[in-house]
Amino acid sequence: MHHREGIQIDLRVVDPDAVGAALQYFTGSKDHNVRLREMASRRQLKISEYGVFDETTGTRIAGATEPDVYAAVGLPWIPPELRENGGEIEAALAGTLPALVTADRIRGDLHAHTDWSDGHHPIETLIEAAEARGYEYIIVSDHSQSATVARGLSVDRLREQIRTLRGLQPRFKIRILAGSECDVLADGALDLPSEVLRELDIVLAAVHSRFTQGRAEMTARIVRALENPCVQILVTRTTWRTSTTWSSASRPHAGRGSGPRRC
Ligand SMILES: [Zn+2]
């Protein structure tokens, strides 16, 4: 099937007895499922997308729910986000699976765009949606002037946006933060002068150009941007995978410093 926004969707209809097994099987990852199959085979069981079966008799042991599938191989249910064979099976066996962040724990958003740059919605729509979700705070962090394809804001436009946000605040309970996703120029300087950045609540620094720079040059560029006392957050694209050591991943991060540095 094709979603009207162009996303391809594979729809699979399975027996109610196999829903859990199918969900588990297609969620993956491959490495995680290989481990489960090994554990099953040690118990003379066979796991497939149709269920967990006794290898000799072919009797179905489990399959209707994911917890049943995991229980059949001696494991507690493992959340899909952790299924990477990155230590989660050992943690599950030891009873030390970490508690994942759930949607109700999210207190706000520190990176959001509006139709002032390349976002889809007006500022009010963003703020109303954030408030409707129960957020305590929402940032407006549109692009800066160098990001021309993203219709980045000039100094004057940004100042106009800050005034707009300050003017909207009394109408809302949610805290509205004025921010900028400010481009880091090729030499590590920021795209907006410090006197403007100082008027913002939060500055996000982002590299959107000259990706072909060598490692040393790019590192120096980012270090210089981070040394700018106006910057609180580095925006970067990343493909995060489960850590292979659980000691660091499961431990809550210690607070570092107290609030943003003043620039
Ligand atoms: Zn952005």
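Hi everyone, let me begin with a term: two strands pair if DSSP finds at least two bridges between them. Helices (H or I, at least four residues) and strands (E, at least two) are DSSP runs, numbered from the N terminus. What we have here is a predicted model, where local features need pLDDT of at least 70, side-chain atom pairs count only at pLDDT 80 or more, and totals for chains, interfaces and linings use all residues. Residues are numbered from 1 along each chain as its sequence is written.

Three strands form an open sheet in the order 1-2-3, with antiparallel pairing. Strand 1 (45-48) and strand 3 (60-62) each have a single partner strand, so one side of each of these edge strands lacks a neighbour in the sheet. From one strand to the next, the twist averages 35°; angles run from 0 to 180 degrees between N-to-C directions, with axes fitted as lines to C-alpha atoms, for helices over the stretch in contact.

Strand 2 (residues 51-54) joins strand 3 through two bridges, in the antiparallel sense, and Phe53 sits opposite Arg60 of strand 3. Packing on the sheet is helix 2 (residues 30-42), which touches strand 1 and strand 2 and makes about 155° with the direction of strand 1. Contact means C-beta atoms, placed from the backbone, within 7 Å.

Now, over to Ala112. Where is Ala112? Look in the loop between strand 4 (108-109) and helix 5 (123-132). Is Ala112 buried or exposed? Ala112 is buried because it has 21 C-beta neighbours inside 10 Å; the cut-offs are 20 or more for buried, 12 or fewer for exposed, and partly exposed in between. Leaving out residues up to four places away in sequence, Ala112 touches Leu126, Ile138, Ile139, Val140 and Ser141.

Key. Contact = placed C-beta atoms within 7 Å.
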